[in-house]
Amino acid sequence: MFGYDKIEFSLTYPAAYLLLALILIAAYSFYVYRYTIPQVNQSKKILLISLRVLALLLLCFILFEPILNLSRKFILEPANLVFIDNSRSITIEDGTNRSANVKQILDDFSVHASADNLKFFEFGNSVREVSDDSLDKVNFSNGSTNLEDVFNFTKSSDKNIASVTLISDGVLTSGSNPYYDAINLGIPLFTIGIGDTTQRKDIEIKKVLHNDFLYAKTPTSIIATIYNKGFSGESIIASMYEDNKFISQQNVILSSAGIQNISFDYNPESSGEKKMSISIKPLKNEFTNANNKKIFYVNVLSNKINVVLVASSPSADLTFINNALKRDENLKVSSIVQVAQDKFLDKWNYQILDSANVLFLIGFPSDQTPKNLLNRVIARIKSDKVPYFLTLSAGISLNKLSLFGDELSFTVNQLSNGYREVQPQILQEQSNNPILKQGDKNLIDLWNNLPPVLQLNSLFNLRIE
């Protein structure tokens, strides 16, 4: 009835009590409207009695907590999902005729597709459903193999999945390793391996590691990870080249662990993008020599990063920041420090400012800052988009600072050149914050013993963007 297989109605209390309540309600309503002031005709009296009976009966009905159960049966047919690797690696010739084997497996599956409720999907760059009559159109043309997508698709499917079958050569080229996804899937998983699973004797350069920032005439190390199978104890010669020019070589005894790192010293002579390569001299009986060479590119900077400190006066902030930056060997730190009207701590020229890769503005600008210097700094930030760090140290002029305009990340709502002392305080709940920790010392005592710092009385707001 109404599309439901079963309809049930029940009350918390026996229905006889509800019938008794109906009789009492009807008697009470009749008694109430037996005499009315003013008198009403018979039909209106019957209407009033009926409305009161219905209202009271509805309240009583709710007190009996009626329950209506509607049951409908859904039959979820178990689906067996078959995922087919549609990547180009299936077409590799290794003597096992991979693509033909996959086609044969699919033909065998298609015969029983209806009876076993098989659903076919191809995967590679993405997961896509394939109809039974289109299995012969699987062309192994995708450029990658991503098994992670297969398990994500399975977990999000609304089908009643009885089993999952994977047909693949197992060569993953994108996505993460789905090992734990397969364990936690909770569905029977079957795999059909394609290709020759025999592990052949081979040597391979797996990956090359190097610093993100390399500098001309600055020594660095480049590390190559070497994988070997079946050549434990053998001696190999590994060489490194820059633009096909020999740089250095290493004589290495291959580890029994099957994987090891080789370190090369590299001291680039000039800046620019360099085509680097590391190659291993082939050994006898290697399965392939194609993976004995690894080509990679590095970008060599002309020099270290130039950091220029611009300060309106000597200060503790200047000393602290200067010492901290000089600890980084990748930075070249210069400074322009004003000590009085048109007088600076050391000789400097605008070439220092023009060569800056990063600017640190410490209490800059002040009322005594030369106009030419201020305009040059603003031009470097606005026009050249040089990144900068700003600290509002003592002596800074907020009026001159406003000339930076939209380059500032904040706005000043209330100008004031006054300062107040602020004592650093750390709350108890922040005592385990790793950012604030320093060694095994008591964090709160350490911070509470610091001297006070000066803070501007002005009000600042972050820009919306």
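**Values and cut-offs**

Mentor: Gladly, and let us begin at the surface: I7, F9, L68 and L70 make a nonpolar patch of about 390 Å². Strand 1 (6–10) and strand 2 are the elements that give two or more residues to this patch, and F9 lies in strand 1. Please keep in mind that this is a predicted model, where local features need pLDDT of at least 70 and side-chain atom pairs count only at pLDDT 80 or more, while totals for chains, interfaces and linings use all residues. Residues are numbered from 1 along each chain as its sequence is written, and side-chain values use heavy atoms, with hydrogens and water left out.

Trainee: What makes a group of residues a patch?

Mentor: Each member needs over 30% relative accessible area and no salt bridge; like charges are joined within 9 Å, and nonpolar side chains (Val, Leu, Ile, Met, Phe, Trp, Tyr) within 5 Å. The areas come from the Shrake-Rupley method with a 1.4 Å probe, and for residues only the protein chains shown count as cover. Helices (H or I, at least four residues) and strands (E, at least two) are DSSP runs, numbered from the N terminus.

Trainee: Which residues form the negative surface patch?

Mentor: That patch is formed by D107, D108, D132, D133 and D136. Asp and Glu count as negative and Lys and Arg as positive, while His and the chain ends are not counted. The place of a charge is taken as CG of Asp, CD of Glu, NZ of Lys or CZ of Arg.

Trainee: Why is D133 called exposed?

Mentor: Exposed means over 50% relative accessible area, buried means under 20%, and partly exposed is in between (1.4 Å probe, protein chains only). D133 has 63% relative accessibility, so D133 counts as exposed. This residue sits in the loop between strand 5 (127–130) and helix 4 (147–156).

Trainee: F140 is in the loop between strand 5 and helix 4 too. Is F140 buried or exposed?

Mentor: F140 is buried, because its relative accessible area is 6%. Its phi is also positive, at about 55°, although F140 is not a glycine. E65 is another non-glycine residue with a positive phi, near 50°, and E65 is found in the loop between helix 2 (42–63) and strand 2 (67–71). With a relative accessible area of 46%, E65 is partly exposed.

Trainee: How do you know that K155 and D181 form a salt bridge?

Mentor: The definition asks for a side-chain nitrogen of Lys or Arg within 4 Å of a carboxyl oxygen of Asp or Glu. For K155 and D181 the closest N and O atoms are 3.5 Å apart, and the pair is a salt bridge. K155 lies in helix 4 and D181 in helix 5 (residues 179–183), so the bridge ties together parts that are 26 residues apart in sequence. The structure holds 10 salt bridges.

Trainee: Which parts does the salt bridge of E269 and K217 tie together?

Mentor: These side chains meet at 3.5 Å, N to O. E269 lies in the loop between strand 13 (259–266) and strand 14 (272–280), and K217 in the loop between strand 9 (214–215) and strand 10 (220–229), so the parts tied together are 52 residues apart in sequence. Both E269 and K217 are exposed.

Trainee: What is the N to O value for E407 and K385?

Mentor: Their salt bridge has 3.8 Å, N to O. E407 is partly exposed at 26% relative accessible area, whereas K385, at 57%, counts as exposed.

Trainee: Why is the pair of W348 and Y350 called edge-to-face?

Mentor: Rings of Phe, Tyr and Trp (its six-membered ring) pair if their centres lie within 6.5 Å; planes under 30 degrees apart count as stacked, over 60 as edge-to-face and the rest as tilted. The structure holds 13 aromatic pairs. In W348 and Y350 the ring centres are 5.1 Å apart and the planes are at 85°, so this pair is edge-to-face.
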